[in-house]
Amino acid sequence: MERTGQKAYLVLENGKVFEGRRFGATGDITGEIVFTTAMTGYLETLTDPSYYGQIVVQTFPLIGNYGVIPSDFESASPALKAYIVREWCQEPSNFRSEGVLGAFLESAGIVGLYGLDTRALTRIIREYGVMNARIVSSLEEADACLPALREYKVEGAVDAVTCRRPIPPSGEGVRKVVLWDFGAKANIRRELEKRGCAVTTVPAGTTAAEIAGMNPDGVMLSNGPGDPAENTAIIKELRKVCEYKIPLFGICLGHQLLALSQGAKTAKLKYGHRGANQPVRDTETGRVYITSQNHGYAVLADSLPDNARMSFVNANDGTAEGIVYRNMPAFSVQFHPEASAGPLDTGFLFDRFVEAMDQHRSR
């Protein structure tokens, strides 16, 4: 039998108000509101640490239809603030399902809203840009919350989602890789392990000396949430790691941090790239790949140092999607080659990283 949630309201920073119904956890919550255009993969979206501090809107209307599948999670628990959908499926049908979406959100303490016009909401975000929002229980609270709402800022994001202690390799591999965890999706580690890598995951606060002391064949710079420029201590240590000439591969936030360590600059996008259908063009071959992305900041192409060249560009807005460094065995991409969820077009980049490590090992 379908359960109807209590009425609640989404208040946007620009004063717009949407009425919806609650599911998941109860309570009022403030966050940065963003949208994702992915048609599938809502479990991976919910458990992606890069959504820390954000209220996530799904543009695809029906969510929850294949239930909850823990083996598809990208982290142990959600990091987002709240979750908004058009239609919440309360009776999923899938042979892998181990639960229902509403109960999962409730157990994780994540506030959910359904029954909103997500199409209209997304159009507002696209036109106005990313903004803050708050879920409240009554209209009386809508105007009262606006001053504090406009002051909200996502801060300390990486520290909130990184692992607390090193995680040793789960199996044997011929290549030793350090996965520097800024909010890593689980499939990054799996993709490396599939290619014969023994992966040790280390916290964001790990120093360059500690990484060098592990004598790795390569260092993987993970995805993660927040403003990349905020992570000044990490950027300082990463600059030192670059001097060791160890093969480096950066994804998403890792891509941005690597660029910042080399003197480039980053800036916040109007509404970011979030979804599984972002086209990127290889600057050498001209070939276009469809990619999975989740980021609100980008590296400014005109700020790249002389030792770097852009390897991929976004086919929609021309922003930097990949960088190769000439003075060290390092490259990075803004998109997610590990996908989860999303197209697998660019999984070959993990092979490229393995090749770089093998060349480094043979010297």
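Predicted model: local features only at pLDDT ≥ 70, side-chain atom pairs only at ≥ 80, totals over all residues.
**Group meeting talk: a walk through the model**

What do the strands here build?

Which way do the residues of S12 point? Gly 218 and Met 220 go one way, Val 219 and Leu 221 go the other way, and all are buried. As a reminder, in a regular strand the side chains alternate between the two faces of the sheet.

Strand S10 (residues 175–180) runs parallel to S12, and 4 bridges join them; here Val 177 stands opposite Gly 218. S12 also pairs with S13 in the parallel sense, over 3 bridges, with Met 220 opposite Phe 249 in S13. To get from S12 to S13, the chain passes through helix H9 (residues 232–243), and this β-α-β crossover is right-handed.

Hold on to Phe 249, please, as we turn to the rings. A search of the whole structure finds 13 aromatic pairs. In one of them, Phe 249 and Phe 350 have ring centres 5.6 Å apart and planes at 70 degrees, so the pair is edge-to-face. These two come from distant parts of the chain: Phe 249 sits in strand S13 (residues 248–251) and Phe 350 in helix H11 (residues 348–361), 101 residues apart. Both Phe 249 and Phe 350 are buried. Ring pairs also link Phe 249, Phe 331, Phe 350 and Phe 353 into a cluster.

Next, the largest nonpolar core, which has 30 residues. Which of them touch the most other members? Those are Trp 180, Phe 182, Val 219, Leu 238, Leu 258 and Tyr 325. At least two residues of this core come from each of S10, helix H8 (208–213), S12, H9, helix H10 (253–261) and S17. Take Leu 238: leaving aside neighbours within four places in sequence, Leu 238 is in contact with Trp 180, Leu 221, Leu 257, Leu 258 and Ser 261. In soluble globular proteins, nonpolar side chains tend to be buried together.

Let me finish with two residues. Is Thr 319 buried or exposed? Thr 319 has a relative accessible area of 16%, so it counts as buried. Thr 319 is in the loop between strand S16 (308–314) and strand S17 (320–325). Beyond four places in sequence, Thr 319 touches Leu 269, His 273, Phe 312, Val 313 and Asn 314.

Met 310, in strand S16, is partly exposed, with a relative accessible area of 23%. Not counting residues up to four places away, Met 310 touches Thr 283, Ala 301, Leu 304, Ala 320 and Gly 322.

Terms used:
Residues numbered from 1 in each chain as written. Heavy atoms only, no water. Phe/Tyr/Trp six-rings, centres within 6.5 Å; stacked < 30°, edge-to-face > 60°. Buried < 20%, exposed > 50% of the residue type's maximum accessible area, 1.4 Å probe, protein only. Pairing = 2+ DSSP bridges. Right-handed = clockwise from strand over helix to strand, strands pointing away. Contact = heavy atoms within 4.5 Å. Core = buried A, V, L, I, M, F, W, Y, C linked by side-chain atoms within 4.5 Å.
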